[in-house]
Amino acid sequence: MSLPTKKSDHNIQYMKKLLTTCLIGLGALSVSGQAQSPAVIDTVSVASPNGWLVVGIDNADGTPDFNVTYTGIEIMKDSPLGLKTDFADFSKDLKLVGTRRGKVNKKYRLENIKKSDNEFDANSLICEFENPQGQKIEVEVLVAHCNIAFRYNLPKPKERASVRVMDELTGFNLPENAYGFLAPQSDAMVGWKRTKPSYEENYMIDVPAGTKSPFGHGFTFPAVFRIGDKAWAMVSETGVDRNYCASRLSDPSGNLYEVEFPMPEENNGNGTVEPAFALPGSTPWRLITVGHSPRPLAQTTLPWDVVEEKYPASIDYKPGKSTWSWILWQDNAINMEDSKKFIDLAAEIGYPYTLIDAGWDKTMGRKGIEELVAYGKPKGVVPMLWYSSSGYWNDIEQSPVNKMDNPIARKEEMKWMKEIGVKGIKVDFFGGDKQETMRLYEDILSDANDYGLMVIFHGCTLPRGWEKMYPNFVGSEAVLASENMIFSQAFCDEEAVNATLHPIIRNAVGSMEYGGSFLNKRMNRGNDGGNTRRTSDAFQLALAVIYQNPVQNFALAPNNLQDADKICLDFMKEVPTLWDDIALLEGYPGKFTVLQRRSGDKFYVAGINAEKETKKLDLNLDNLGEGKATMIFDGKDGKVAKKEITLKKGKKTKVEIPSQGGFVIVK
């Protein structure tokens with residue numbers, strides 16, 4: 001009996017999986033590492049421990065592909081697998097010569113992501129393929145409850161110690177009823193001082209799968225897809241370090257999105273596009289998270305489940321809240337007098353850090369920074385310092401320059417910071433996604449750990465498991481962030497729409513240093529000019545819960561001590577930046593979000609509304625327990641209001657969120 005051919009419809013695919021399961025039961029496939037007979041079957045599958053999520057791998061014509069179903073719903077149609085390297089072609093004429101099956105269960109604690117105590121329980125399948133020359137490659141697949149991770153493993157041949165990957169054929173083939181939520185990849189070497197791409201493009205929201213990107217370069221990770229009205233899927237990657245480049249999705253061919261390496265023009269044309277690594281070795285993990293709603297996407301910990309720590313923390317890092325003078329006061333604020341005002345603000349509201357942005361080396365110098373550290377020390381406030389990544393990849397002149405890209409200068413600078421008591425750095429304006437830039441990220445992080453420094457990246461790539469891999473990594477921008485409130489009224493007008501995207505897309509796969517929660521209504525130093533914020537104060541408070549980053553550089557200003565409502569100030573004083581748990585209660589990207597987080601024994605529920613009409617919701621808050629809670633919301637007069645509510649098990653809590661408004665419940 002022969003199996004149906006490839007590119008069959010959903011019902012035939014289901015029958016293939018059923019037949020495969022029967023053959024496994026009859027012993028036709030290896031479950032312990034012995035080679036199976038390719039003449040018997042070229043299709044294998046692996047399911048999640050609960051059986052809901054199934055990945056099938058088909059090599060019927062010698063070109064391997066995979067497909068995904070979730071509770072019988074087609075998530076991915078036949079999607080290509082394969083690599084082309086400098087010494088072997090693993091894309092065609094392959095034989096499936098063996099499989100190994102196993103289970104993965106691990107528990108870990110990680111305090112700087114969305115959930116602190118985590119368990120990963122998955123079934124594994126390793127498929128070994130051989131090309132006509134006898135060269136071998138493995139496809140390793142892990143399938144958990146709502147999550148899939150897979151990668152390629154390359155053994156070490158007798159005469160080879162290294163490999164250059166010329167092309168990766170991995171693709172994600174969406175069903176016809178799929179719609180995408182996608183951030184386009186920009187042109188290279190364009191924008192401010194030729195600093196793009198930097199993951200700062202406007203999202204395309206709910207567009208039919210197959211829609212081309214506006215710049216012709218595909219889309220950045222993560223990408224989210226709605227499968228009709230039955231399922232959701234998110235595609236991303238993790239485990240990228242110095243041994244590979246960061247990747248993206250191509251412009252689609254039909255509904256097929258393929259993995260693409262960086263553009264040759266990135267990094268000012270310097271460096272190779274194709275990654276290289278020592279053998280034996282593995283590629284980064286490709287990730288798929290699925291669910292019947294966006295909830296599993298917002299809650300997934302898959303980017304950290306499958307990676308390991310690169311080095312131990314040199315000290316006990318203490319992430320937390322920070323003031324940030326530049327975000328509202330801009331370049332003119334980088335001086336001694338204004339920097340002290342933001343240290344005083346941090347001390348007044350109990351924040352341990354203040355960020356000193358670009359140009360401090362020219363306006364204050366090292367002696368000035370030493371004075372600021374001494375000024376802040378008795379107040380319990382420590383400066384964090386901005387640096388340009390520098391190098392040959394853009395035209396940035398904001399200083400300090402030529403420090404972080406040079407290992408000699410970098411270590412000298414970090415040694416000085418450790419000696420005077422600086423606890424962290426923000427490094428900005430990187431050059432692209434090539435492997436050499438991944439090496440720079442890792443080098444900065446590793447050196448900074450030697451000197452006890454936390455690291456934030458801006459103008460940068462998406463973090464890919466870095467919170468676990470590098471214990472002093474405390475966030476990346478990689479999003480069209482809060483500075484655009486200052487630069488563009490149009491961005492202010494669309495703030496609510498963008499904010500409802502991030503918990504389900506960008507912030508779902510990595511810490512996001514957005515720098516929000518403005519209490520100024522006007523986007524300037526005096527709160528009396530510039531662009532106008534359209535969202536309410538309650539909306540801005542909700543963002544402090546909805547956005548997750550271990551170090552939050554909030555957009556508060558000294559004038560807020562006088563002109564902001566005490567309710568807002570009190571909330572911003574107490575809201576944490578480290579969380580123990582997360583739950584998406586309600587939400588649709590681009591429309592509204594209601595997110596629950598827990599810090600210790602305190603729960604925070606935050607909601608925002610981007611739709612034109614008031615959103616009326618009945619929320620199930622049973623997991624908060626019974627008793628009194630505090631609700632902050634938009635009052636009838638447009639000002640923030642506060643009231644006590646009573647939570648009862650089995651009784652839903654009614655909430656109304658005005659357009660561009662928000663609420664927070666604290667218990």
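1. D344 has 31% relative accessibility and so counts as partly exposed (buried is under 20% relative accessible area, exposed over 50%, partly exposed in between, with a 1.4 Å probe and protein chains only). This is a predicted model, where local features need pLDDT of at least 70, side-chain atom pairs count only at pLDDT 80 or more, and totals for chains, interfaces and linings use all residues. Residues are numbered from 1 along each chain as its sequence is written, and side-chain values use heavy atoms, with hydrogens and water left out.

2. The partner of D344 is K379: they form a salt bridge with the closest N and O atoms 3.4 Å apart (a side-chain nitrogen of Lys or Arg within 4 Å of a carboxyl oxygen of Asp or Glu). K379 sits in the loop between helix 7 (365-376) and strand 24 (382-388), and D344 in helix 5 (residues 336-349), so the pair ties together parts 35 residues apart in sequence. Helices (H or I, at least four residues) and strands (E, at least two) are DSSP runs, numbered from the N terminus. K379 is partly exposed too, at 37%.

3. Now to D86 and R160, whose salt bridge has its closest N and O atoms 3.0 Å apart. D86 is in the loop between strand 5 (83-85) and strand 6 (89-90), R160 in the loop between strand 10 (147-154) and strand 11 (162-168), so this pair ties together parts that are 74 residues apart in sequence.

4. Within helix 17 (residues 566-574), K566 and D570 are 4 residues apart, about one helical turn. Their salt bridge spans 2.6 Å, N to O. K566 is exposed at 59% relative accessibility, while D570 is partly exposed at 29%.
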